[in-house]
Amino acid sequence: MKYTDKKIVIIGAGPAGMSLAASLHLAGLDYVILERKDGVGGQLPLIHNDLDDFVVGVYRDGLDFVQKLIDFNNKYRLNIEFGCVVKSVDSSKKKIYFIQNDIEKIHAYDILVIATGSRHRLAEKRLIAGFEKDVYYRISHKLNEFDDKNILVVGGGDNATIAALKLSERGRKVILINKNEEMISRPDLVSEVYSNPKIVVYNNSELLHLSGEGLLEGVEIINNNTGIKQKLAIDKIVFKIGYLPNSGFVDERIDLDDKAYIKTKGKYQTNIEDAFAIGDIVSGAYKRIAIAMGHGTELGNYFLKEYLVK
Ligand SMILES: Cc1cc2nc3c(=O)[nH]c(=O)nc-3n(C[C@H](O)[C@H](O)[C@H](O)COP(=O)(O)OP(=O)(O)OC[C@H]3O[C@@H](n4cnc5c(N)ncnc54)[C@H](O)[C@@H]3O)c2cc1C
């Protein structure tokens, strides 16, 4: 049995791209990862809480896990090109256009794997202008800043309910606003939120504006069902309003869902031949490290056992 000598280009050195590369590397295949940052690990350095999703151990935080990826890379020397910001992909010509050290470059590929992950959705700039100091997207590394404060959490998913519960241990009061009829978070978290005496929930509600002299002092929210507006005394706002996919460079031939995540079928195959997607960027994927790594490992196995076999 022999492998084809196809050139595989993976975009992104997060857990998904690294796991795939590890499989290909150990089998001696021709691959390269193009990564825009100077190091491996994708979103992991942003994780400041205990990382305990793995039965193989508890990691102090995301950086602790990144160190394991660095150790792996030091041992096996994966073929990664850092500082490569991919700007566009032409899937008809099988070319990737990217910038490295301010120089525009082109990489040809036979097989493309997109593993570019996702990022936090940010609040509208005009909404928070002037109050950026009191606006948060992550809380774990700054919990003391919430001590005895009136806190507004915006969002209705797991990240919003988890943040509200955590902040209720520090703040004076937590208000959770959610634009839907009901929160979409896990039922156990939702009932924990409702039974927490420090948390007040406003469903069907949106943030209209922020007010204060220098520091944030209050917000106005509106109930979209009744049209009733109300002012709340708030010192800190935490936005947990979901994620956006890093798919801006993908050409229009590749099918995306209505939120711009990449649609896949079967073994992570996009609608275009020889183009795959793995990890957070995949439409409908649960955004977890174990899942991203699973995608990479499974695609690697598919390449090695079927797709690349001559
Ligand atoms: C604050 C926070 C806390 C989290 N907590 C947990 C947790 O407790 N447990 C858990 O399992 N998961 C957690 N996650 C989610 C987890 O980090 C992701 O699911 C995982 O990192 C996804 O891996 P990925 O490889 O698909 O994408 P990513 O980790 O996003 O990696 C994508 C890589 O692609 C690169 N890239 C993107 N665009 C380009 C481009 N145009 N050109 C070149 N390179 C590009 C990026 O620089 C990045 O290195 C958390 C995430 C965050 C932000």
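A residue counts as buried if 20 or more other C-beta atoms lie within 10 Å of its own, as exposed if 12 or fewer do, and as partly exposed in between; the C-beta atoms are placed from the backbone. This is a predicted model: local features need pLDDT of at least 70, side-chain atom pairs count only at pLDDT 80 or more, and totals for chains, interfaces and linings use all residues. Residues are numbered from 1 along each chain as its sequence is written.

**Overall**

The protein chain has 6 helices and 20 strands. These are DSSP runs numbered from the N terminus: helices are H or I with at least four residues, strands are E with at least two. The C-alpha trace spans about 70 × 40 × 40 Å along its principal axes. Of the 310 residues in the chain, 36% are buried. Two residues are in contact if their C-beta atoms, placed from the backbone, lie within 7 Å. Among contacts with a separation of 6 or more, 58% join residues 24 or more positions apart.

In H6, the buried residues are Ile 289, Ala 292, Met 293, His 295, Gly 296, Leu 299, Gly 300 and Phe 303. They cover an arc of only 155° around the axis, so they sit on the same side of H6. The arc is taken over the directions from the helix axis to the C-beta atoms. Lys 305 and Glu 306 are exposed on the other side of H6. The cover over the buried residues of H6 includes H1, S3, strand S9 (111-114) and strand S20 (275-277).

In H1, Pro 15, Ala 16, Gly 17, Met 18, Ser 19, Leu 20, Ala 21 and Leu 24 are buried. Their cover includes strand S1 (8-11), strand S2 (31-34), helix H2 (62-76), S9 and H6. Just after H1, Gly 28 takes a positive phi of about 75°.

Ala 22 also lies in helix H1. Is Ala 22 buried or partly exposed? Ala 22 is partly exposed, because 19 other C-beta atoms lie within 10 Å. Ala 22 touches Phe 72 and Leu 78, leaving aside residues up to four places away in sequence. Ala 22 and Tyr 76 are 54 residues apart in sequence, yet 8.3 Å apart in space, C-alpha to C-alpha.

**Ligand shell**

The ligand is surrounded by 35 residues; the closest are Gly 12, Gly 14, Gly 42, Gly 117 and Gly 279. A residue is near a molecule if its C-beta atom, placed from the backbone, lies within 6 Å of it. Helix H1 (15-26), strand S3 (51-54), strand S6 (84-90) and helix H6 (289-307) each supply at least two residues of this shell. The shell divides into 17 nonpolar, 10 polar and 8 charged residues. Ala, Val, Leu, Ile, Met, Phe, Trp, Tyr, Cys and Pro count as nonpolar, Asp, Glu, Lys and Arg as charged, and the others, Gly among them, as polar.

**An open sheet**

An open sheet of 5 strands runs in the order S11-S18-S12-S13-S14, with parallel pairing. The edge strands are strand S11 (135-136) and strand S14 (199-202), each pairing on one side only. Two strands pair if DSSP finds at least two bridges between them. Strand S13 (residues 173-177) pairs with S14 in the parallel sense over 4 bridges. Ile 177 stands opposite Tyr 202 in S14.
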